[in-house]
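Subject: Handing over the model

Hello,

Here is the structure you will be working with. Please open it first, then read my notes below it.

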Amino acid sequence: MNLNYKLKTIAVILLIVLSGAIGFLVSWIRHPMVFSLQQPDKITMIQTFHYPALFVKQLTGDPDAGRKIFKEFCASCHAEQPVIDVHAPRIKDKKAWQMRKKLGMPLLLQITTQGIGAMPARGGCFECSDQQLQ
């Protein structure tokens, strides 16, 4: 092998090692608690799993089921400050809901079960019964 080839190989290996080391240092600087052996003062729980069938089944007979279903499925778009702003009517916007109330419950339930605009059918709660959605 010639010297030029060996130098290029060494340079590539050094470049890879250096980029890994720089990546590690940047990560360490940006997220120091990940590399610390100390426990953080405040632990934030992040929901990583979603089990809608189990969630809805647990609500059977729960008098507060409607509120819990709203919080789990509907609030993303319909809360006072929605996570997903698709211009859906907000929960406490009386003017927006006044018009919808005039449509009547059967038509509102039909819109909910079939979906409308950006809202998916059943508001995304495919496990919810019509009674629960109502």
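Asp85 and Arg90 form a salt bridge, with their closest N and O atoms 3.3 Å apart. The term salt bridge stands for a side-chain nitrogen of Lys or Arg within 4 Å of a carboxyl oxygen of Asp or Glu. Asp85 is partly exposed, at 45% relative accessibility. Arg90 is partly exposed too, at 28%. Here are the cut-offs: buried is under 20% relative accessible area, exposed is over 50%, and partly exposed is in between (1.4 Å probe, protein chains only).

Before you go on, note that this is a predicted model: local features need pLDDT of at least 70, side-chain atom pairs count only at pLDDT 80 or more, and totals for chains, interfaces and linings use all residues. Residues are numbered from 1 along each chain as its sequence is written, and side-chain values use heavy atoms, with hydrogens and water left out.

**Other salt bridges**

How many salt bridges does a search of the whole structure find? The search finds 5. One of them joins the side chains of Glu80 and Lys92, at 3.7 Å from N to O. This pair links distant parts of the chain, 12 residues apart. Glu80 and Lys92 both sit in the loop between helix H4 (65-78) and helix H5 (94-103). A word on naming: helices (H or I, at least four residues) and strands (E, at least two) are DSSP runs, numbered from the N terminus. Glu80 is partly exposed, because its relative accessibility is 47%. Lys92 has 59%, so Lys92 counts as exposed.

His87 also lies in the loop between H4 and H5. Its phi is near 60 degrees, which is a positive value in a residue other than glycine. Is His87 buried or exposed? His87 is exposed, with a relative accessible area of 71%.

**Arg122**

Arg122 is not a glycine, yet it has a positive phi of about 60 degrees. Its side chain meets that of Asp130 in a salt bridge, at 2.7 Å from N to O. Asp130 is partly exposed at 40%, whereas Arg122 counts as buried at 17%.

Which residues does Arg122 contact, leaving aside its neighbours within four places in sequence? They are Thr112, Thr113, Cys128, Ser129, Asp130 and Leu133. Contact here means heavy atoms within 4.5 Å.

**Helix H6**

The buried residues of H6 are Leu108, Leu109 and Thr113. Seen down the axis of H6, they fall within an arc of 130 degrees, so they line one face of the helix. That arc is taken from the directions from the helix axis to the C-beta atoms. H5 and H7 are among what covers these buried residues. Just after H6 comes Gly115, with a positive phi of about 85 degrees.

**The nonpolar core**

Which residues make up the largest nonpolar core? There are 9 of them: Val56, Leu59, Ala65, Ile69, Phe73, Leu109, Cys125, Cys128 and Leu133. A nonpolar core is a set of buried Ala, Val, Leu, Ile, Met, Phe, Trp, Tyr and Cys residues joined through side-chain atoms within 4.5 Å. H4 gives the most to this core, with 3 residues.

Start with Val56. This residue is in helix H3 (residues 52-58). Val56 is buried, with a relative accessible area of 6%. Not counting residues up to four places away in sequence, Val56 touches Phe73, Cys125, Glu127, Cys128 and Gln132. Val56 and Ile69 are 13 residues apart in sequence, and their C-alpha atoms are 7.7 Å apart in space.

Then go to Cys125. Leaving aside neighbours within four places in sequence, Cys125 is in contact with Val56, Phe73 and Leu133.

Phe24, Leu25, Trp28 and Ile29 make a nonpolar patch of about 450 Å². Patches are made of residues with over 30% relative accessible area and no salt bridge; like charges are joined within 9 Å, and nonpolar side chains (Val, Leu, Ile, Met, Phe, Trp, Tyr) within 5 Å. Accessible areas come from the Shrake-Rupley method with a 1.4 Å probe, and for residues only the protein chains shown count as cover. Trp28 belongs to helix H1 (residues 3-30). Trp28 counts as partly exposed, at 45% relative accessibility.

Best wishes
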